[in-house]
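User: I'm new to this one, could you walk me through it?

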Amino acid sequence: MSTTKEIQVDSLHDLEQAAQELLDFSNGMKVILFYGEMGSGKTTFIKAICKALGVKENTSSPTFSIVNEYLSDTNNVIYHFDFYRLKNEQEAYDMGCEEYFYSGNYCFIEWPEKTPSLIPEQAVSVSIEVLENEKRVFRFLY
């Protein structure tokens with residue numbers, strides 16, 4: 001049985017609350033998948049989640065490095081993946097993504113549709129729909 005939640009975000013100021021709602025919703029699952037068109041706000045939302053988890057350093061999209069590693073203020077490791085530039089699933093496999101996914105650490109994955117057979121079953125999906133006036137609808141599902 002799946003569980004869902006939908007929230008509307010009207011401005012960047014609402015992201016902090018949305019990040020906390022996602023963390024509460026995730027029910028201990030640490031692999032979180034982000035779906036949305038280019039420019040929908042996936043990276044910006046991940047920055048807000050990292051902040052909620054106590055990351056003090058600057059977070060950015062790992063578009064070229066594929067994965068960024070952050071450290072929370074409680075010394076927990078957080079991994080942020082951007083699979084947009086992958087040519088095929090084998091590239092993610094070759095970089096050892098499964099070790100990250102099953103590490104027990106938070107793994108935030110942008111463009112998970114590029115690696116469908118590598119994604120753990122226990123994951124939360126976040127879809128971001130762009131509305132007018134910079135508003136967004138976030139849908140959480142597991």
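User: How many bridges join E1 to E7, and do they run parallel or antiparallel?
Analyst: Bearing in mind that this is a predicted model, E1 and E7 are joined by six bridges and run antiparallel. Within this pair, Lys5 stands opposite Phe140 in E7.

User: What order do the strands of the sheet have?
Analyst: The sheet is open and has seven strands in the order E1-E7-E6-E2-E5-E4-E3, with mixed pairing. Its edge strands are E1 and E3, the latter covering 67-71, and each of them pairs on one side only. On average, neighbouring strands of this sheet are turned by 20 degrees against each other, with direction ignored.

User: And which strands does H2 touch?
Analyst: H2 packs on the sheet and touches E2, E3, E4, E5, E6 and E7, while its direction makes about 170 degrees with that of E5.

User: Switching to the inside: which residues of the largest nonpolar core touch the most other members?
Analyst: That core has 26 residues, and Leu22, Phe34, Phe45, Phe108 and Phe138 are the ones that touch the most other members. Several elements each supply at least two residues, including strand E1 (4-9), helix H1 (15-25) and helix H2 (42-52), and the largest share, six residues, comes from H1.

User: What does Leu22 touch, leaving out residues up to four places away in sequence?
Analyst: Counted that way, Leu22 touches Ile32, Phe34, Phe45, Ile49, Val124, Val126 and Phe140. Apart from this core lies another one, of 18 residues, with Leu33, Phe83, Ile119 and Ala123 among them.

Methods
Residues are numbered from 1 along each chain as its sequence is written. This is a predicted model: local features need pLDDT of at least 70, side-chain atom pairs count only at pLDDT 80 or more; totals for chains, interfaces and linings use all residues. Side-chain values use heavy atoms; hydrogens and water are left out. A nonpolar core is a set of buried Ala, Val, Leu, Ile, Met, Phe, Trp, Tyr and Cys residues joined through side-chain atoms within 4.5 Å. Buried means under 20% relative accessible area, exposed over 50%, partly exposed in between (1.4 Å probe, protein chains only). Helices (H or I, at least four residues) and strands (E, at least two) are DSSP runs, numbered from the N terminus. Contact means heavy atoms within 4.5 Å. Two strands pair if DSSP finds at least two bridges between them. Axes are lines fitted to C-alpha atoms, for helices over the stretch in contact, and angles run from 0 to 180 degrees between N-to-C directions.
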